[in-house]
Amino acid sequence: MATLLMVESWLHSTGLCLPPIIRRLGHEYILFTKDPALYPPISPGEPHPVIRDAREIVVVDTNDDDATCAAASALAGKRRIDGVLTTCDYYLATVATLARLLELPGAPPDVMRLATQKHLVRAALDGAGLPNPAFAVAADWHDARAAAARIGTPLIAKPVDLNAGTAVERICDEAGLKDAFWGVNSAERNTRGQPLRRLLLMEERLEGEEVSVEALTFKGLTTIIGITDKSLTAPPACVESGHMFPARLSPDIARQVETFAVDALDAIGFTHGLSHIEVMITADGPRIVEINPRQGGGYIFDLVHLVTGIHPLEMLVDLALGQMPALDSRVNAASLDRVAAGDGGQRMAGSVEGATTGLPGSAAVFFVMSPRDGVVSHVSGVERLDADPRVHRWALPTPATARRPRDNDAYLGHVLTVDPAGDGARVRAEELVAALRLHFADGETTPPLIAP
C-alpha cells in the first residue's frame, strides 16, 4: 500500500472518480485542503468522495506554498509519503514543488508554472520555432487595443491563468474587446481564492477542426494515448459541448497531430505527467490551441477507458508513484519507432490501440446545456436514454439552475454513449440530447442548446 498526498481536487468529474480509484488500487491518500467545506456532500448523507475516502485531512492554506511545504515536511517526518498529486489545475505547480521538496517523482516546478500560464506557453512555442498563431498579452487597455489592431479580428481573447474555457471569447469588434479586457482585468481571484494575473491574451483566430491529444510522459518519453474530437458552442463563447474518442482522422493527419503535440511538450520542457494538448488542424498544418499539463477533463478519461481499457486516472496514480503505467498489449508495436523528423532520439514511444476485443469502437459524451437562464424543474425524454443500449451512462439532476454557457460550469448534465463497432458514438449522443426537452419553472419548454 502506498500513501499519496492529494493537494485539493476538482469537485466534479475527476474529483468524483479519483478517490475510489486510489482505494481500489490498494492505496490511501492524505488530503491537503484549505477548507473541507469546499467539497459538499454529493447527496444528503453522502459525503463528497474527496472527503469520504481520505485517510486523513490536513487543513492548511494550500494557496500559500510556504505553509503547504511546511505542512508536507511535518507530515513526512511522521510517516512515509510515496507520491503527490492533484486533479485541479490550480495546484499543479504546488504539487511539483512538494514533490521536489520530498524528493518524490514529479515534473520540474518551473515547467509546471510555465505550462499553466497560457502566454508563457505561447512564448515558449515561438522560442522553439514551432508554427504559432500571432498573439499578444496586455495588462493595459490601450495596449490591448493596439495589439488587437495588429492581430486583426476576429480574434480569440482569454485570461492567461483560468481554466475550463472560462472567459474565452471570440472578438469581432472593439466593443467585444473592451468587454473581454475589463472582464479579465477586474477579476482578482479564481474560484479557489488564488490571485489572478489579470492579463488578457489575444490570439489570431485559428480555422479548422479542433481535437485534443491525450498523452503521458515518463522520464522525458511521451506515449500518445489517442486523439479526441470535440464540438463547441457558437460564438462568442467557446464552450466544449461534446467529445468523441477516438477522433475520426486519417492516419496521416493523426501522425502529424501527434508529432506536433510531442514537439510542443518538448518546447515547454515537459518531462513527467499526463497532458491534454488542444490542437487545431488548419489548412497549414496543426497548431496548438492550449497545452494542459494534466488529464483531459469533461469525462474524456471515461471515453479513453471505455475504448482502450486503460484509465488515465490510474495512470495519474502510477506516475505520482514514479511508475510507468502498464499499457499491456494496447501499445501498437508498429508505432514504437515513430520519431519526429529531425529528432536524434526516441521521444514518442507510440500510440495506444483501441481495437482490443470486446471494447467499443468509439465512445462519446455530449453535454446538456440551456439556451437561456432560469430554473429547470425537470427534463422530459429521458426514457429514451434508459431504453437505448448504446447509452453507457447519463446524468441530469433536477431541479437545476441554468444559465447560457460561458464556461464548462454551465453543464446541466451529460449523456455518454458507445458504438461497439464503429465511429457513431458522437452522432448518437447528439441525437439523444437534441431529443430532450428542458421544462422551466416559469412554464417554458425548450430543447437543449446544440452545437452548430
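A residue is described here as buried when its relative accessible area is under 20%, as exposed when that area is over 50%, and as partly exposed in between, with a 1.4 Å probe and protein chains only. The structure is a predicted model, in which local features need pLDDT of at least 70 and side-chain atom pairs count only at pLDDT 80 or more, while totals for chains, interfaces and linings use all residues. Residues are numbered from 1 along each chain as its sequence is written, and side-chain values use heavy atoms, with hydrogens and water left out.

Salt bridges are considered first. Side chains of opposite charge can pair when their charged atoms come close. A salt bridge is counted when a side-chain nitrogen of Lys or Arg lies within 4 Å of a carboxyl oxygen of Asp or Glu. The structure holds 26 salt bridges. One of them joins R24 to E314, with the closest N and O atoms 2.8 Å apart. Because R24 lies in helix α1 (residues 14-24) and E314 in helix α11, this pair ties together parts that are 290 residues apart in sequence. Helices (H or I, at least four residues) and strands (E, at least two) are DSSP runs, numbered from the N terminus. With a relative accessibility of 52%, R24 counts as exposed, whereas E314, at 23%, counts as partly exposed.

A salt bridge is also formed by R393 and D302, whose closest N and O atoms are 2.9 Å apart. Distant parts of the chain are linked by this pair, since R393 belongs to strand β17 and D302 to helix α10 (residues 300-308), 91 residues apart. R393 is partly exposed, at 27% relative accessibility, and D302 is buried, with a relative accessible area of 11%.

The salt bridge between R426 and E430 has an N to O distance of 3.2 Å. Both residues lie in helix α13 (residues 425-434), where they are four residues apart, about one turn of the helix. R426 is buried, with a relative accessible area of 16%, while E430 is partly exposed at 24%.

D318 lies in helix α11 (residues 312-320). D318 is buried yet has no salt bridge, and the nearest side chain of opposite charge, that of R24, is 10.0 Å away. In this comparison Lys and Arg count as positive and Asp and Glu as negative, whereas His and the chain ends are not counted. When residues up to four places away in sequence are not counted, D318 touches Q323, P325 and A326, contact being defined as heavy atoms within 4.5 Å.

On the surface, D61, D64, D65 and D66 gather in a patch of negative charge. Patches are made of residues with over 30% relative accessible area and no salt bridge, like charges being joined within 9 Å and nonpolar side chains (Val, Leu, Ile, Met, Phe, Trp, Tyr) within 5 Å. The place of a charge is taken as NZ of Lys, CZ of Arg, CG of Asp or CD of Glu.

Several features concern the backbone. The peptide bond from T153 to P154 is cis, with omega near 0 degrees, and P154 is placed in the loop between α7 (141-151) and β6 (155-159). A cis peptide bond also runs from T398 to P399, again with omega near 0 degrees; P399 is placed in the loop between β17 (391-395) and β18 (400-402). A167, although not a glycine, has a positive phi of about 65 degrees. A167 is found in the loop between β6 and β7 (169-171) and counts as partly exposed at 22% relative accessibility. K219 is likewise not a glycine and has a positive phi of about 55 degrees. K219 lies in the loop between β9 (209-218) and β10 (221-232) and counts as exposed at 72% relative accessibility.

Finally, G242 lies in strand β11 (residues 240-245) and is buried, with a relative accessible area of 1%. The C-alpha atoms of G242 and F366 are separated by 4.2 Å, although these residues are 124 residues apart along the chain. Apart from neighbours within four places in sequence, G242 is in contact with D229, K230, S231, V365, F366 and F367.

How values were computed:
Accessible areas come from the Shrake-Rupley method with a 1.4 Å probe; for residues, only the protein chains shown count as cover.
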